[in-house]
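The sequence and structure come first.

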Amino acid sequence: EDGVAAWLRYAPLPASTAANSPAIDTVVVLGEEARDETSPVATAGRELVDGISKILGRAVALGDASSPRTSSTLVIGTRDAFSSLEGVPSSSSPSPLDHSDGYWIDPSSSSSSSARILGHDARGVLYGAFAYLSKLAQGELSVESAAWGSAPQAPVRWINQWDNMDGSIERGYGGRSLFFEGGAVRDDLARVKEYARLMASVGLNGIVINNVNANASLLSEASLRDGVKRVADTMRPYGVRIGLALNFDAPRTLGGLATSDPLDAAVVEWWTRTTQLVYHYVPDLLGYTIKANSEGQPGPLSYGRTLAEGANLFARALAAHGDGLVFYRAFVYDHHLREDNPKNDRASAAVDFFAHLDGAFLDNVVVQVKFGPIDFQVREPVSPLLARLRKTKAAIEFMVAQEYMGQQTHAVYLAPQWQEVLSFDLRVDGKPSLVRDILSPAGPFAWPTTGYTAVVNVGRDTTWLGHHLAMANLYAYGRLAWAPASDARALLDEWTRLTWSTDAEVVAAVGSLLMDTWPAYEGHSGNLGIQTLCDILYTHYGPSPASQDGNGWGQWTRADATALGMDRTVATGTGFAGQYPREVAAVYEDPATTPDNLLLWFHHVPYTHPLKSSGKTVIQHFYDAHYEGAATVQTFPARWARLRGKVDDARWAHVAFKLAYQAGHALVWRDSVCRFYHALSGIADDKQRVNNYKHRIPLAVPSPNVRLDGYSPVDARLPEAA
Ligand code: BDP
């Protein structure tokens, strides 16, 4: 296997399990939609026929309303398409069928009634079909299984691809773009269809297809007509709508206007016309995503206008046509920050730029907030902006792409981190305010359009993400966006059964290995909330603690010879801690109450500061955690080796290679970071490992077989930068 089927392999079940599964031989699709090839209902019918026949190894036929029904028939359709709703939960009791995208499944059948999948709407039918197939493929569906249903907690369950029109992907590690090549949409969109299928199977319903650092030429008529339209048409049968990332300066650079000032009449007219054109080719447009006044991108502030004036320009243009949303990114900050001002703090930027604009954005604007105040670090507190907008809606941004997390050469399962974020209580107005509740229409702010988006970097590699194990993140992201109270380990076990094997030993081994990855990565990369100590200036990959300070990007550690950490308190620091609601702010203001794993995020403390949890000094904890984290990674290859023969050889070997690399690179991390802080602080390691460091890693590997092709030498600060 090459991985392209991901978790939709529909591998045949062992005969004993298959014998106990519902013996479906016909899938009957009800309603007008059955005949509409582009409807998710028709897709659901085809998917069930394909899936059931592969999983159970038997012939399955597709039927319609006129087909005879037996106890081996599975009938599917929207609730409205069923003539009888006998036994179906009704609106008088809360039912998943009362919510958009919800479904209800009764797998049981008898001589007088067939098994059924009902959707609240067309997409609900498709989600129900995938839910049925997932249980069947995991060997968990029997003729006696009880009926069940589900509906998503939030309407927004999106992906942001950072694909460039030249075919490259910003922070992409899984091959070139599925969508673009050579400045245009690719002719062959077969993989785009497969991607939409994967998305639908975990409940994702929208995708912004191009990089937030956007190329305006995507909006040219030729590009919309010959390219963007085809992408939308390809993904639509899976219930996936597409959106576009905009370049704020497009009126100037593409439209030839003298300005892109959002209040200029010609600019308004240009966006109105352009949006009309976009809707002409994509009538169900998801909306626009905008990165503006961020990392050198143009924006309303460049024209002396507010961020809300900028966002509302697009909101008006969209509102004329449909339900398209403006996702305005809160990632606005100055990347030429000066370190000499102790009040400067990139972490404060989102609240500083957006909180006072609460209510100034039009109804169809949603502020898109990265989950942490900086940038997808191995450990961050939750963004306080999620507690500071009320009238204006927000959605959260996660990152499936492992930009700061080993870039898909390391296996790092991220769902445990997301689960922590989603269950964090922000205590808005002194009341329980879990992040996952805030991100729900039923939450404290009752935002009708809120939810989830994540940066994903799938590419043309058959592995999609460059590493088979990284796909657990994409799977878990979709499932959490649907049901944010899900348990990360339970999702992982599901994914393993679908992706690798239903064998209990495989499920246990893959689960325990991947659950160890995030703690191990935090151990050897950056502890106590210091952030991922990678090269900060561009690559964001290998260790480079030295690069953290002395730059304008503001991901500072303020490490010197005696102390480290950012003082973000109100009393003596940047004041960031004060951006949280009162109770949370009080916890972070004081080192005695700040959790150890965020100590250095909020406080500048001596290396000899004792930790609450262990009594160890900060520096000894650094040494120990780096050794322990790297030691855990050393166990991965051996643990994976035990699965040889229990999963297919090709994917097994691919992962084995990656894990061996990861084990080596974890040592590089460990030694680089420990050595850097040992040299800086002059404090010995109690366990005598870091003191008198010898170069354990050869700095050059002479080999007659190594040829450098397309590389050129660069100056590196070894061994701290690796
Ligand atoms: C940073 C990435 C950069 C992105 C930016 C963003 O390094 O490539 O353009 O985020 O989110 O993490 O806009």
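## Cysteines

The cysteine sulfur closest to that of C674 belongs to C534, 16 Å away, which is too far for a bond. A disulfide is a covalent bond between the sulfur atoms of two cysteines. The cut-off for counting one is a sulfur pair within 2.5 Å, and the structure holds zero disulfides.

The model is predicted. In it, C674 is buried, with a relative accessible area of 2%. C534 is also buried, at 0% relative accessibility.

## Salt bridges

The structure holds 46 salt bridges. One of them joins D101 and R123, with the closest N and O atoms 3.0 Å apart. D101 sits in the loop between strand 3 (73–78) and strand 4 (103–106), and R123 belongs to helix 3 (residues 122–137), so this pair ties together parts 22 residues apart in sequence. Both D101 and R123 are buried.

A salt bridge also forms between E140 and R497, where the closest N and O atoms are 3.5 Å apart. It links distant parts of the chain, 357 residues apart: E140 is in the loop between helix 3 and strand 6 (148–150), while R497 is in helix 13 (residues 488–499). E140 counts as partly exposed because its relative accessibility is 38%, and the limit for buried is under 20%.

## A loop-to-loop pair and a network

D345 and R568 meet through their side chains in a salt bridge, at 2.9 Å from N to O. Here too the pair links distant parts of the chain, 223 residues apart. D345 lies in the loop between strand 13 (325–329) and helix 9 (349–354), and R568 in the loop between strand 17 (563–564) and helix 16 (582–589). D345 has a relative accessible area of 7% and is therefore buried. R568, at 1% relative accessibility, counts as buried as well.

Salt bridges also occur as a network, which links K616, D624, D685, K687 and R689.

## Ligand site

The ligand is surrounded by 14 residues, the closest being E170, K291, K370, D375 and E403. By class, the residues of this shell divide into eight charged, four nonpolar and two polar.

Several side chains place polar atoms by ligand oxygens. For E170, an N or O atom of the side chain is 2.4 Å from an oxygen atom of the ligand. For E403, the corresponding distance to a ligand oxygen is 2.5 Å. For K291, a polar side-chain atom lies 2.6 Å from an oxygen atom of the ligand. Taken alone, the ligand exposes 320 Å², and the protein buries 97% of that.

## Q368 and E397

Q368 is part of strand 14 (residues 365–370). With a relative accessible area of 1%, Q368 is buried. Its side chain and that of E397 are joined by a polar contact of 2.7 Å.

Conventions
Residues numbered from 1 in each chain as written. Predicted model: local features only at pLDDT ≥ 70, side-chain atom pairs only at ≥ 80, totals over all residues. Heavy atoms only, no water. Salt bridge = Lys/Arg side-chain N within 4 Å of Asp/Glu carboxyl O. Helix = DSSP H or I, 4+ residues; strand = E, 2+ residues; numbered from the N terminus. Buried < 20%, exposed > 50% of the residue type's maximum accessible area, 1.4 Å probe, protein only. Near = heavy atom within 4 Å. Polar contact = N/O pair within 3.5 Å; in protein donor to acceptor, adjacent residues only side chain to side chain. Areas by Shrake-Rupley, 256 points an atom, 1.4 Å probe, with all protein chains shown as cover. Nonpolar A, V, L, I, M, F, W, Y, C, P; charged D, E, K, R; others polar.
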